[in-house]
Amino acid sequence: MTAHTRPLIHIVDDDDSMRMALTELLTIIGFDAIGYGSTGEFLLDALPDRHGCILLDLGLPGSSGLELQAALLRKGVALPIIFLTGHADVSSGVRAMQAGAIDFLEKPVVREALLEALGRALASDIVRRQGPTSS
Amino acid sequence: MLALLLLHFAATAEAGQVLVLYSNSPLGKGNIAFDSGLRQTINANSGQPIQIFSESLDEPEFGGDRYELTMATYLHDKYAERPLGAVLTLNDTALRFILRYRERLFPGVPIVYAGATRNWLRSMPTLPPDIVGVPVGFDFAGTVEQALKWHPRATHLVVVIGASKQDDWEPLVRPEITPILGQVQAEYLIGLTLPALQRHLRELGSDSVVLTFGFFQDGDGRSYLLHDSAALVAAASSAPVYTPVETLMGTGVVGGRVLSYEQIGRQAGEILGRLFNGQPGWQRMPKAPASVLQVDWRQIKRWGIDPEQIPPDAVVSFRPPTLWQAYRNAVLGAVTVIVLLSVLVASLLLERLRRRRAEITMQKQHTALAHASRLAVAGELTAAIAHEINQPLGAVQTNADTAEVILQAGGDRREDLLRLVGRIRNDNLRASQVIKRLRALLARQEARRQPLELNAVLTDVEAFLRPELQRRDMSLALRPAKTPARILGDETQIQQVLINLILNAMDALAEAPLDRRSILVQVECTTGTHSVSVKDQGRGFADGDLSKLFDSFFSTKRTGMGLGLSIARTIVVAHGGSIRAERGPSGGAIFHVELPAHEASENAA
């Protein structure tokens with residue numbers, strides 16, 4: 001029960017240490033966190049229908065974060081997405097935000113900024129869940 | 001028949017025969033010079049061949065009335081059948097003899113005298129008109145003058161005179177030299193014994209000069225050849241010895257103003273020539289030849305006389321021929337060769353200097369260009385580099401945040417904290433390694449040569465480019481050689497070549513479909529050469545571009561500077577290798593880089 005009250009954060013990052021660090025931080029803060037090394041891994045995993053969001057690295061091997069975002073939109077997965085990137089370029093940022101991303105954060109990201117973005121993402125997820133589905 | 005022959009002979013002989021009567025041995029130095037001068041001119045002036053007979057009175061060894069009578073009889077009998085066209089006498093004694101016996105020996109035959117001294121002639125009664133010649137005088141004054149010029153500190157002139165009648169030069173010498181002596185004291189050593197003379201000469205100081213004529217007899221009555229006695233005087237003397245007598249040159253005397261017997265001979269030859277030629281007025285005599293300064297180079301050196309003070313018209317004997325005189329042609333040739341070689345060497349040195357400068361300039365430009373090119377590469381890779389650095393920094397930040405949260409929550413979670421700190425440290429190291437790699441690439445440094453292994457270099461390059469490859473959704477397949485591919489080179493430069501080639505391949509693949517976005521890099525080892533080929537399946541290049549690919553500022557890319565391949569080639573060539581491009585079998589491009597194997601290491605391996 002507790003598990004289900006805690007939001008589930010999906011972390012997609014090919015950098016092992018970054019992924020582990022994020023997972024651990026979010027867990028300690030009080031979230032459930034699952035890490036994926038690539039977009040493929042994430043897509044292959046059965047996605048539980050739980051309150052949460054996606055922390056998505058922009059530069060991923062194979063198909064990029066933007067492509068995953070597009071794929072999820074096509075599949076109807078509406079989990080809010082926060083982009084993380086090692087190198088923010090304007091065009092990618094614009095594309096991500098236009099496609100509905102909650103935020104576009106540049107690594108290294110300070111905890112406050114991350115938590116603030118997570119808060120908005122989770123709020124957005126709650127709004128989404130209470131929206132058309134529940135009414 | 002015999003009579004006819006004799007008659008004929010006599011007729012021809014009469015016109016062309018001359019008797020030369022010497023006072024002393026015809027083998028003496030002066031007489032030989034005289035004879036040589038005579039023969040030089042007599043035929044040229046006579047218009048017919050002249051036969052020359054030589055006789056000598058052999059003075060001073062022989063003399064006296066009885067001897068002269070014997071000689072007269074001998075000459076009378078000897079030349080009775082040889083009618084002479086002229087008789088030529090040399091020096092006083094011969095002329096005196098002829099004047100005495102002429103009527104009995106050679107009546108009516110013209111007499112020409114040479115070398116008879118003015119002083120002696122003055123003491124004689126006037127000569128008949130068919131006895132002609134050029135009187136001469138020894139240049140005592142000129143000789144002493146020259147000696148005093150070369151020895152300005154001399155205060156003492158020693159005149160050496162022998163004991164015989166013929167040796168009595170004093171009455172001739174004294175009046176001539178007295179006017180020019182000035183403060184210089186003249187001392188006449190007359191008729192000393194040889195030992196006394198030698199002792200005296202040995203004790204002379206540097207304030208003395210000696211004048212000698214040689215002598216025939218010393219105070220003991222011993223006889224000498226003039227040449228020998230002069231040599232004894234010169235050997236004994238501690239002061240420089242001078243003489244006006246040409247024949248004494250070489251005996252150790254410094255020199256003097258002498259009569260040239262060769263010149264006297266020439267003059268006599270001219271007179272006789274005109275006589276035989278029947279020229280009217282042949283009796284008109286020329287002036288006596290001027291005395292000539294003769295010096296012995298060895299004595300000039302011995303007495304420390306400045307060679308600059310030798311007048312240019314002086315005759316210098318016994319000077320070792322200079323290199324120039326002895327080997328004129330060889331010296332000319334050698335000098336020419338040396339000059340040519342020097343010019344060649346100089347121009348080669350200049351050329352080398354010029355080339356070296358150009359090389360240095362080029363190296364600098366090359367370094368600068370290579371650096372610029374690497375900066376360009378770095379610019380191209382900015383996104384990837386930033387990603388590479390920010391990734392570990394992001395992890396560091398997050399782990400630090402986690403640690404902070406744990407500490408704020410309180411409780412004993414030391415192990416978690418230690419783990420986090422360990423991770424922070426690792427990620428931090430990762431970030432600094434990226435920076436280090438970048439700095440190595442961008443450092444502007446001189447080329448170094450060090451042993452490298454191509455497989456390892458490629459592994460580094462691949463690691464460096466991996467983020468960029470990921471960013472562009474491309475893959476790089478690395479096929480290393482099975483054996484170590486060792487070369488000698490500059491690691492940064494070789495890396496740069498490979499990075500340039502791979503980046504080019506990546507650019508070529510920019511618009512390629514995903515399934516073709518791979519680059520194959522292969523290392524192959526053959527004997528002596530290792531090669532790296534970079535193959536892509538991109539857009540390739542046009543045939544016409546193939547030849548221009550490696551030119552500077554040639555680019556098929558819109559944003560390219562056109563330096564990458566040019567610099568790659570410069571680097572490869574500088575490493576003794578080669579680079580070429582070809583079109584791949586299924587489109588795309590293949591670049592081959594071949595570098596010489598580093599043999600030493602291979603043997604060791």
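## Helices α6 and α7 of chain B

In this predicted model, helix α6 (residues 140-150) of chain B packs against helix α7 (residues 170-181) of chain B at an angle of about 40°, and their axes are 8 Å apart. Axes are lines fitted to C-alpha atoms, for helices over the stretch in contact, with angles running from 0 to 180 degrees between N-to-C directions. Helices (H or I, at least four residues) and strands (E, at least two) are DSSP runs, numbered from the N terminus. α6(B) and α7(B) are therefore oblique to each other; angles under 35 degrees count as roughly parallel, over 145 as roughly antiparallel, 65 to 115 as roughly perpendicular and the rest as oblique.

On the α6(B) side the contact (heavy atoms within 4.5 Å) is made by B:F140, B:A141, B:V144, B:E145 and B:L148, and on the α7(B) side by B:L172, B:V173, B:E176, B:I177, B:I180 and B:L181. By class, 9 of these residues are nonpolar, none is polar and 2 are charged. Ala, Val, Leu, Ile, Met, Phe, Trp, Tyr, Cys and Pro count as nonpolar, Asp, Glu, Lys and Arg as charged, and the others, Gly among them, as polar.

## Helices α8 and α9 of chain B

Helix α8 (residues 194-202) of chain B and helix α9 (residues 226-236) of chain B pack at about 35°, with 8 Å between their axes. B:L194, B:L197, B:Q198, B:L201 and B:R202 of α8(B) meet B:L232, B:V233 and B:A236 of α9(B). This contact comprises 6 nonpolar, 1 polar and 1 charged residues.

## Interface of chains B and A

Chain B gives 25 residues to the contact and chain A gives 26 residues. The buried area between chain B and chain A is about 2,100 Å², 52% of it from carbon and sulfur atoms; buried area is the accessible area (1.4 Å probe) that two parts lose on being put together, summed over both.

The rule finds 5 salt bridges across this interface, a salt bridge being a side-chain nitrogen of Lys or Arg within 4 Å of a carboxyl oxygen of Asp or Glu. B:D401 forms a salt bridge with A:R111, with the closest N and O atoms 3.8 Å apart.

## Backbone features

Most residues other than glycine have a negative phi, and most peptide bonds are trans. A cis peptide bond joins A:K107 and A:P108, with omega about -10°. A:P108 lies in the loop between β5 (103-106) and α6 (111-133) of chain A.

B:N91, a residue other than glycine, has a positive phi near 75°. B:N91 is in helix α4 (residues 91-105) of chain B.

## Conventions

Residues are numbered from 1 along each chain as its sequence is written, and chains are lettered from A and ligands numbered from 1 in the order in which they are written. In this predicted model local features need pLDDT of at least 70, side-chain atom pairs count only at pLDDT 80 or more, and totals for chains, interfaces and linings use all residues, while side-chain values use heavy atoms, with hydrogens and water left out.
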